[in-house]
Structure formats: C-alpha cells, structure tokens
Amino acid sequence: MEKQINHTASSGTSNCDLQVRLGDMTLRNPVIPASGTFGFGLEMKDVFDLNLLGGISLKGTTREARFGNPTPRIAECREGMINSVGLQNPGIDALVGEKAPALRAVYDGCIIANISGFSVDEYVDCCRRADACKAIDLLEINVSCPNVHGGGMAFGTDPKMAAEVTAAVKRVASKPVYIKLSPNVTDIVAMACACEEAGADGLVLINTLLGMRIDIRRRQPVLANKMGGFSGPAIFPLALRMVWQVAHACSIPVIGCGGVASAEDVMEMMMAGASAVEVGAENLRNPYACRDIIEALPRVMASLGISNLNDLMI
Amino acid sequence: MGRLNKSLFAIVSQREVAPRSFLLQLEGDTSAITGSGQFVQVALPGRYLRRPISVCNVTAPQDLGQADNLTRTSGRPGRLTLLYKIMGAGTDQMATMRPGDTLELLTGLGNGFDTSACREKALLVGGGMGVAPLYLLAQELLAQGKQVQVILGFNQASEICLEDEFRALGVEVLISTADGSRGVKGFVTDAIKTLAEQDSAGRSTLNAISSDGSASPFVDGQTVPYDYFYTCGPMVMMKAVCALCPTEGQASLEERMGCGFGICYGCTVATQDGPRRVCADGPVFTKTQLGW
C-alpha cells in the first residue's frame, strides 16, 4: 500500500532530497522524536514548526492510565541520563480519542503511537484501538515491559514472547507494526528475526539500557525506583552496532534510535542500515534538537557528497 | 508553551551572600519571563542536563535606564537575578563563573504565582533558597497596591539571604532560625504563629475568607492578618505552612527534572486532579490542588 504522508521537503540546498522510504510510506525526512521525549507532540507546537519533522513518536501508552513511578525519576550521567518515569500516560482511550486527533489537526507527518503492555491481551487491546484511530499512521510496540503474567521478565528479552506479541498484534492491525526492541538481551539479532518471522513490518532499536546511579553523599540510589533506562550519547555506539547487526540480518526496515544528537549521527545510523532515525534524550537538553538536526542535514550531506538518504547502508 | 526561549546570557556579577549561596546577575533576553514564580534551565558546559533555578528578580530593559554595551544582543537586554546554593556538580561549576562568562538558558518556564488570588494582604513564607522567587512576587504584589508580610526561615543566622533586599522594598520581614541565632527560634510556622499573637495585641485584623468560604479564619484562636499566602522552600516546610494557614495559598514546588519544559514527565507530582508536571503545570500549585 503506497502511502505518501509528507510533501516534498524544502531542504535549502538545491541537490538535496531529505525524503526517505519507510516500508510503503515516504517521510519528508528521517528525523523522528522518540517516544517519551516529545510528550504527545502538541506540547511542542509553539516551540518550532512540527511540520518540519519526518514523524513523531508519541509518549508510550498503556490500556489504563498510569501515574508512573515515584520521583526522583531522573538521574544525570556523564554523557547521558537515566529515567524511571514508569510509563506515566493517560491511557489508550485518551490517546485515540483526544491526543492523536489533536496532533493530526496541526501535523501532517507520520504519527507513531507507542504501545506498551504488561500482557499479550493488553497489547492486542491497545493496538486494536490505535489501529482504528485515523490520526495514527504507525504502531510502535514497546516490548521492554515486564510480562506480569509470565514471571515479570520483559517481553523483549525472550524471542518467543516477542514473537507472540508481534503475531497477536499483527492479527488486529492493518497499519504498519514496528517492534521497538530492548537492548538488554544477549542476542539482538535473534530477537529481531523472531519478530520479523512473526510478521513485524519493521523494527525500532534500541530502547534504553538498564542503568543505575548512587548518591555517594546520601548513600542511596538516585532514582526512587533504584534502576532506570540509560540513554544519551554514551549508548550511541551500542545502538549503532545493534542497528548494523539487525539491518544486515533482517529484510524489514529498521528505525535507528539511541544517543543520536546531530545530523552526523543521523548519517552514521543510516549508513549502519537505519531507514529513519529517532532522536530521544537530546530533545530534553535542547527543545529545538530535531529542528536543528533537520536544518543541518543538507550541509552534512553535501560535505559527504550525498544527495539522497535512501540506500545508504554500507 | 508559547514563551519558551533559548538564549545566551552574560554574567554581570556573582556574589556569595551566605555560605555556598550565590546571587548571580545575568544580562540577556528576559522577554520570555512574564512574572514571578517562573524558573530557568541553565546549561553548564560538560553537564548533560540543565539545572532548574527559580527567577529571583528580573528587570526589563526599559527599567534599566541607560543601556550599557555589555552584550551585543539585537534587542536591549534585561537583567535576571538568580539565588542558588551549591547542591551538586552543576551548581558547583556555576559558582566558579565570572563576569563576562556566558551561560545558555531556557527561559519562559513554569506557570508562576497568581497574584490576583490575593485580595489585599499577602503572607509570603520562604525557607532556605525558597526565599528566592518570593522577592519578585513581593514587588508585583506591592505594585498592585497590596500589603505584603514576609517570613524568611533558615537554619542559622549565617545562612540568611535577601533580608536586606526585602526590607528595602518597605515590607515587614520576620526572620526565623532553627538554632535561634536570629529572630524567632524555630521554624517559619513558629514565626507565623507570632503574627496572630501580635495581632491580638491590637493591630487591625483583616476579615479574611478561609478556603471553605467562611469568614474570619483563625490560627490558634486568633484572626490572621492576611487573606492569602505564598510559600516556597523545603517540601516539609511548605506542607506545614499549608496546614497552619487557614486561608488558601500557593506553594512553589521543586523536583528533579529532565527537560524542564513539560515533555519527559520526569518531575511529576500527585494532585487532586491527577499527576501534574512540576515544570509545566507548576511549579506553583494551590494548597487545594496539592491536597495539603
């Protein structure tokens, strides 16, 4: 199904086209703010023109509204940060009934719903509703959640569980289903292949790495939850390595994510095999991060003699 | 979030006003700061996340008199004053910075205090570095013709900040120190109670409206000389102030933050209306909203 989502980009540099193919879709450029780092998009509409963005991945949503974890939820690291937000969100009904349609009213790019669940049933229920929502273009399935019915291990740490979620969601969705993989695994390729075999239309990697800080003056963990998800530039080489491995092992599109902070990082991820790139933690440091990266892309491409962002995988 | 602004500020002066506590004056585009109770996010070279610091004072360009040539910004710069204490690596670094150094700030953050909630007489209660945002608030309330009573609480006399600056505004200032080295011995709540005592000695009291709508609220059996309170300081202090003051009031919260502008949900606080972001829905919340 051919779906042209965005108009031709005005790149500012004559020979330069920022458009990328993502499965059957075309995005105006490869830059997408990652889930959890851009709210529901609307919060940013007066900060810069959202229609600069190739796509927007919305805050992770669960079936029920969630308060999230106790604070402190944020810990600083040298070249990154750890968060234990704990999937605070208003619930799937608010996403499909209010948030996504309100964003669609002001944004014409690819709207990505990030779905989390603690049981296969919850994933299916949420995806059925997200799939029926006209404002949503793509379903990004966060399998880093613990399977509360399966002993508490994250779905994304067991290829069989990840495949089960993928297949179950694919049965109820007509829109593209991309599985967002956890890096806290021994074999990311096995995870990716299991999801591809189960019918995933694409993959997003990576989610955060499990990390921790201790306050040496108070002698206690910085985070109330003790551990959380580590992100930022320090994880870029890890994310890049996993994108490389998965892109070379699988034939479905890969969206690369993890420590991306610049247009150069975007190019690097795409050379590793990413068709599009999500920018996460950098949005917290610089609200204009995605805009700045998009604006810098033509110059960086020109310096590399690149005029097209498709088929860059080395 | 129409106000968000990212720009460079130049350091005009930095002075240690109490042990490890600094008054930092900056010059730059302050146009996004529209009132008291807002805050800024300070980027420090080598630190990953910004540091959220409340606005102590802001002076618009037109109020600065003669423009000086310290900065080359296209518009005439305003002056921004921050009062902060060294709490960790970032503030430690900030304290080493000198006039002429530049800092990149996000401004236009936070909802700020609502001064219209006070009818005539405001009680401002600050503890530690919580006194900072009350300074601009006091000026705003005075400019509206309201009366302002200020209570500042610290651990000990050496830690007192902004007392002279508040007095210079012409407001009544009551100091409390936990060790009794100045003013009322104890906490700000002990100082609040003395107001009611003073009042029963003959000062005219205000027929205040308490939060349930009834007239003439009492503290320990006395009417209180304010119709609204504003407080900022340690959480336990603000809760105690809310419990003691019979009127409605506003508390300015702080929390470890990620972005500081409402998109990461790192700084959530529980309220009567559900989870709220301290950075964007706050940092100022009413006593009722907080359920305190």
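What share of the contacts in chain B with a separation of 6 or more comes from residues 24 or more positions apart? The share is 63%. This is a predicted model. Chain B has 292 residues, and 56% of them count as buried. Its secondary structure consists of six helices and 17 strands. The points below cover the contact between the chains, a helix and a pocket, then single residues and backbone features.

**Where chains A and B meet**

- The contact draws on 34 residues of chain A and 29 residues of chain B.
- About 2600 Å² is buried between the two chains.
- Carbon and sulfur atoms give 59% of that area.
- On the chain B side, the residues that lose the most area to chain A are Y48(B), I263(B) and Y265(B).
- Together these three account for 33% of what that side buries.
- In general, the size of an interface is often given as the accessible area lost when the parts come together.

**Helix α2 of chain A**

- Helix α2 of chain A covers residues 120-132, which makes 13 residues.
- From first C-alpha to last, the helix reaches 18 Å.
- That is close to the 18 Å expected at 1.5 Å a residue.
- Its buried residues are E122(A), Y123(A), V124(A), D125(A), C126(A), C127(A), A130(A) and D131(A).
- These buried residues pack against two helices of chain A, α1 (92-104) and α3 (159-172).
- They also pack against the strands β8 (110-116) and β9 (138-142) of chain A.
- An α-helix has 3.6 residues a turn, so residues three or four places apart point the same way.

**The second largest pocket**

- The second largest pocket holds about 1100 Å³ of space.
- Its lining has 50 residues, and the closest to the centre are N83(A), S144(A), N207(A), T208(A) and G229(A).
- Five elements of chain A each supply at least two residues of the lining: β7 (80-83), β8, β12 (209-212), β15 (227-231) and α7 (282-285).
- The largest share, four residues, comes from β15(A).
- By class, the lining has 25 polar, 21 nonpolar and four charged residues.
- Rolling a probe the size of a water molecule over the atoms shows where empty space is left.

- N5(B) sits in strand β1, residues 5-18.
- N5(B) counts as buried because its relative accessible area is 15%, under the 20% cut-off.
- L137(B) belongs to helix α2 of chain B, residues 132-143.
- L137(B) has 0% relative accessibility, so it counts as buried.
- With residues up to four places away left out, L137(B) touches S36(B), F113(B), T115(B), L124(B) and Y230(B).
- L137(B) and V55(B) are 82 residues apart in sequence, and their C-alpha atoms are 10.0 Å apart.
- T286(B) lies in strand β17, residues 284-286 of chain B.
- Leaving out residues up to four places away in sequence, T286(B) touches Y228(B), E248(B), G249(B) and Q250(B).
- T286(B) and K185(B) are 101 residues apart in sequence and 28 Å apart in space, C-alpha to C-alpha.

**Cis peptide bonds**

- In chain A, a cis peptide bond joins L205(A) and I206(A), with omega about 15°.
- I206(A) lies in the loop between β11 (202-205) and β12 of chain A.
- In chain B, a cis peptide bond joins G282(B) and P283(B), and omega is about 15°.
- P283(B) lies in the loop between β16 (274-277) and β17 of chain B.

- R219(A) is not a glycine, although its phi is positive, about 55°.
- R219(A) sits in the loop between β13 (214-215) and β14 (220-221) of chain A.
- Is R219(A) buried or exposed? R219(A) is exposed, because its relative accessible area is 76%, over the 50% cut-off.
- L162(B) is also a residue other than glycine with a positive phi, near 70°.
- L162(B) lies in the loop between β8 (147-154) and α3 (163-168) of chain B.
- L162(B) is buried, with a relative accessible area of 7%.

Definitions and conventions:
Residues numbered from 1 in each chain as written. Chains lettered and ligands numbered in written order. Predicted model: local features only at pLDDT ≥ 70, side-chain atom pairs only at ≥ 80, totals over all residues. Heavy atoms only, no water. Expected span 1.5 Å × (residues − 1). Buried < 20%, exposed > 50% of the residue type's maximum accessible area, 1.4 Å probe, protein only. Contact = heavy atoms within 4.5 Å. 1 Å grid on protein atoms, 1.4 Å probe; cavity = no way out; pocket = protein on both sides within 12 Å on 5 of 7 lines; lining within 4 Å. Points joined across faces, edges and corners; volume = space filled by probe spheres on them. Nonpolar A, V, L, I, M, F, W, Y, C, P; charged D, E, K, R; others polar. Buried area = accessible area lost by both parts, 1.4 Å probe.
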